[in-house]
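This report describes a protein model for a reader who is new to structures. Please look at the sequence and the model before reading on.

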Amino acid sequence: ARFHELWCDIACRALLLCQPSSEELSMLIAKMDVLRDSDDEADVALAAVMTGALAKNAPSEFTRNTLLPYLEYFTKAAIGSRVHTAAITSITMIAKALPLVDSERFLWPHLLSAMSHPHDFQVHAEALYVVGEILWD
């Protein structure tokens, strides 16, 4: 488990630094599809975190049209707390890639939903942290 967390951190930091071409974005989306369909919660969590990492340097249209549906899937699917937390974490980077109007329209409902379910402390705490990050900017 610890190895997978380290791999997830390294992969996402690399995605934050690179400027992927449209072909590379397509390849990364295909990899996210494979991870999303995995039976391993850690793989699905990696795909959820990749959603936010890809948003940093992707065009806003790509973020809006391609990444937001992934975020929707990861925040609404009953895959597990780890995946939901990873999706909430991704909102930080996606919010920075979209205009404020789009952030309010597409991202805040996920944060409000996560904050209104305090039975899962990790998801609740992550949502509060992400709200702070977004408001701080």
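**Confidence**

The model is predicted. Its average pLDDT is 84, and 92% of the residues score at least 70. Confidence is lowest in helix H1 (residues 2-17), with a mean of 70, and highest in H2, with a mean of 90.

**Helix H2**

Helix H2 runs over residues 22-36 and has 15 residues. From the first C-alpha to the last, H2 reaches 21 Å, close to the 21 Å expected at 1.5 Å a residue. Which residues of H2 are buried? They are Leu25, Leu28, Ile29, Met32 and Leu35. These residues lie on the same side of H2, because they cover an arc of only 115° around the axis. Glu23, Ser26, Met27 and Val34, on the other side of H2, are exposed.

**Salt bridges**

Side chains of opposite charge can pair when their charged atoms come close. The structure holds four salt bridges.

| Arginine 36 | Aspartate 33 | 3.6 Å |

Asp33, Arg36 and Asp37 are linked in a network of salt bridges. Within helix H2, arginine 36 and aspartate 33 are three residues apart, so about one helical turn separates them. Arginine 36 is partly exposed, with a relative accessible area of 23%, and aspartate 33 is partly exposed as well, at 24%. Aspartate 37 has a relative accessible area of 55% and is exposed.

The pair of arginine 64 and glutamate 61 belongs to helix H4 (residues 60-76). These two residues are three apart in H4, so they are separated by about one helical turn. Arginine 64 is partly exposed, with a relative accessible area of 22%. Glutamate 61 is partly exposed, with a value of 46%.

**Glutamate 126**

Where is glutamate 126 found? It is in helix H7 (residues 121-136). Glutamate 126 is buried but has no salt bridge. The nearest side chain of opposite charge is that of lysine 96, 11 Å away. A salt bridge requires the nitrogen and the carboxyl oxygen to be within 4 Å. Apart from neighbours within four places in sequence, glutamate 126 is in contact with Thr85, Ile88 and Thr89.

Methods
Residues are numbered from 1 along each chain as its sequence is written. This is a predicted model: local features need pLDDT of at least 70, side-chain atom pairs count only at pLDDT 80 or more; totals for chains, interfaces and linings use all residues. Side-chain values use heavy atoms; hydrogens and water are left out. Helices (H or I, at least four residues) and strands (E, at least two) are DSSP runs, numbered from the N terminus. The expected span of a helix is 1.5 Å times one less than its number of residues. Buried means under 20% relative accessible area, exposed over 50%, partly exposed in between (1.4 Å probe, protein chains only). The arc is that of the directions from the helix axis to the C-beta atoms. pLDDT is the predictor's confidence in each residue, from 0 to 100. Lys and Arg count as positive and Asp and Glu as negative; His and the chain ends are not counted. Contact means heavy atoms within 4.5 Å.
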